[in-house]
Amino acid sequence: MADMMKLTVITPEKQFYEGEVSMVELVTTEGAIGVYPNHIPLTAVVSPGVLTIHEAGEKKQASLISGFVTILPDAVTIMAEVAEWPDEIDFNRAEEARVRAERRLAANETGLDTLRAELALKRALVRLGLKH
Amino acid sequence: MASMRDIKRRRASIQSTGQITKAMKLVSTVKLQKSRTKAESSKPYFNQMYATISAMLERSGNMEHKYLSAGAEGKKAVIAITSNRGLAGGYNNNIVKLIMGNPGLAAADTKIYAIGRKGRDGLARKGYEIAADYSEVINEPLYQDAADLTVELLDAFGRGEISEIYLAYTFFKNTVVHIPKLVKLLPFEREAAQDKTDEETKARALMNYEPNAEEVLDMIIPKYMSSLIYGALLEAVASENGARMNAMDSATNNAEEMLGKLEIQYNRARQGSITQELTEIIAGANAIS
């Protein structure tokens with residue numbers, strides 16, 4: 001199959017996903033990208049976002065919080081520090097995290113804490129975005 | 001010869017010790033299975049990480065990077081991974097010996113980042129400076145723990161407090177063979193990353209980096225370190241349980257052997273006392289008649 005490539009997603013705990021896919025969408029520090037087979041070789045840093053896997057006739061989504069991605073023409077390898085399928089996400093916790101982060105941002109302190117809260121908010125929003 | 005009562009008491013005590021060691025062996029067998037599966041399932045991540053980073057460094061031969069060159073004068077940091085509990089044979093002592101036996105790691109210019117109380121105490125006694133103690137981590141290692149430790153170490157490295165970072169842990173080869181290992185984490189050694197197939201090299205030679213190679217390296221080296229530390233933690237836990245299982249197995253065997261010997265001694269003593277009693281009775285009867 002010419003228009004398929006191998007996708008591997010690995011987290012420190014386990015092999016998260018492995019299979020033949022037609023397209024992968026993910027978010028890098030440079031913006032959201034979609035990768036088709038025969039992409040130029042590329043290594044990029046992942047920023048929090050939704051990972052969308054297009055299989056033969058199916059679409060799968062997962063949260064992808066941090067890590068990096070190595071793209072070769074026939075294979076994509078994502079080294080994820082944190083990745084979860086929608087059914088593994090604790091939405092109540094994510095909701096709490098969102099509220100906490102928003103409050104902290106509303107308090108409007110400058111410095112490292114704001115940055116941290118922004119990151120936490122981003123993570124929470126990614127997770128909540130997968131709720132159906 | 002010891003009296004019957006003494007032997008009996010001794011036998012009872014050995015028997016209960018044997019029961020304890022047997023139970024401990026069973027417990028560590030179960031724990032070993034668990035920790036071993038965990039260690040094995042974390043391997044793909046580490047291998048992939050290693051492949052990526054060595055490919056990057058290979059083609060960035062003349063890249064100047066803060067993590068690639070030895071820091072200025074500063075102490076050497078050693079992450080010593082041992083256990084919080086003893087009764088695991090030479091497991092903890094081997095790590096202490098490994099660090100002490102290394103001529104480059106003298107007590108005067110080495111800082112210990114201890115994971116595991118036994119190693120911390122052992123090294124502290126030998127005069128090593130304990131910079132930080134993460135002993136709780138070894139009970140249930142999480143990736144986040146390794147990441148936190150990495151951040152702290154890289155901070156200290158960036159401030160110039162430490163010039164080199166080593167990792168001392170026990171490699172889990174199989175259930176009976178555990179090898180204490182000392183690995184250099186930083187500065188990253190290029191020579192170590194060499195063996196690869198031509199095809200792979202070709203494919204990676206065309207690699208582009210986004211935003212750029214330096215920034216990606218900035219990101220990946222801490223992740224690489226975390227994954228290495230995390231992998232080492234899992235290996236160490238598996239080794240600890242393996243070592244304890246072996247130690248407890250031989251302790252149980254020794255207890256059984258001793259019980260056998262005491263059994264014979266006890267029977268001799270019993271026979272002796274009966275013979276003596278009989279002799280006394282006969283002598284008494286003879287004296288009367």
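## Packing of α3 and α4 in chain B

In this predicted model, helix α3 (residues 91-100) of chain B packs against helix α4 (residues 117-125) of chain B at an angle of about 40°, and their axes are 9 Å apart. The two helices, α3(B) and α4(B), are therefore oblique to each other, and their crossing is right-handed.

On the side of α3(B), the residues that meet α4(B) are Asn92(B), Asn93(B), Ile95(B), Val96(B) and Ile99(B), while α4(B) contributes Lys118(B), Gly119(B), Gly122(B) and Leu123(B). By class, the residues of this contact between α3(B) and α4(B) divide into four nonpolar, four polar and one charged.

## Packing of α5 and α7 in chain B

A further helix pair in chain B is formed by α5 (residues 143-158) and α7 (residues 213-288), whose axes come within 8 Å and cross at roughly 130°. Helices α5(B) and α7(B) are therefore oblique to each other, and α5(B) passes α7(B) in a right-handed crossing.

Of the residues in the contact of α5(B) with α7(B), 10 are nonpolar and two are polar, with no charged residue.

## The sheet of chain B

Chain B has an open sheet of five strands in the order β3-β2-β1-β4-β5, and the pairing within this sheet is mixed. Strands β3 (129-133) and β5 (178-186) of chain B stand at the edges, and each has a single partner strand, so one side of each is left without a neighbour in the sheet. From one strand to the next, the twist averages 25°.

The bridge partner of Ile79(B) in β4(B) is Leu167(B). Helix α7(B) lies across β1, β4 and β5 of chain B, and its course makes an angle of about 35° with β4(B).

## Chain A

Chain A contains two helices and eight strands, and from the N terminus on its elements run β-β-β-β-β-β-β-β-α-α. Along its principal axes, the C-alpha trace of chain A spans about 55 × 30 × 25 Å.

Of the 132 residues in chain A, 28% are buried. Where contacts in chain A involve residues at least 6 apart in sequence, 48% of these contacts join residues at least 24 apart.

## Where the chains meet

Between the chains, 22 residues of chain B are in contact with 21 residues of chain A. On the side of chain B that touches chain A, the elements giving two or more residues are α2 (43-59), α6 (198-205), β6 (208-210) and α7 of chain B, and the largest share, six residues, comes from α7(B). This side of chain B has 13 nonpolar, six polar and three charged residues.

Strand pairing also crosses from one chain to the other, in that strand β5 (residues 42-46) of chain A is joined to β6(B) by three bridges, with the two strands running parallel. Thr43(A) stands opposite Tyr209(B) in β6(B).

Definitions and conventions
Residues are numbered from 1 along each chain as its sequence is written. Chains are lettered from A and ligands numbered from 1 in the order in which they are written. This is a predicted model: local features need pLDDT of at least 70, side-chain atom pairs count only at pLDDT 80 or more; totals for chains, interfaces and linings use all residues. Axes are lines fitted to C-alpha atoms, for helices over the stretch in contact, and angles run from 0 to 180 degrees between N-to-C directions. Helices (H or I, at least four residues) and strands (E, at least two) are DSSP runs, numbered from the N terminus. Angles under 35 degrees count as roughly parallel, over 145 as roughly antiparallel, 65 to 115 as roughly perpendicular and the rest as oblique. A crossing is left-handed if the near helix is turned anticlockwise from the far one by less than a right angle, and right-handed if clockwise. Ala, Val, Leu, Ile, Met, Phe, Trp, Tyr, Cys and Pro count as nonpolar, Asp, Glu, Lys and Arg as charged, and the others, Gly among them, as polar. Two strands pair if DSSP finds at least two bridges between them. Two residues are in contact if their C-beta atoms, placed from the backbone, lie within 7 Å. A residue is buried if 20 or more other C-beta atoms lie within 10 Å of its own, exposed if 12 or fewer, and partly exposed in between; C-beta atoms are placed from the backbone.
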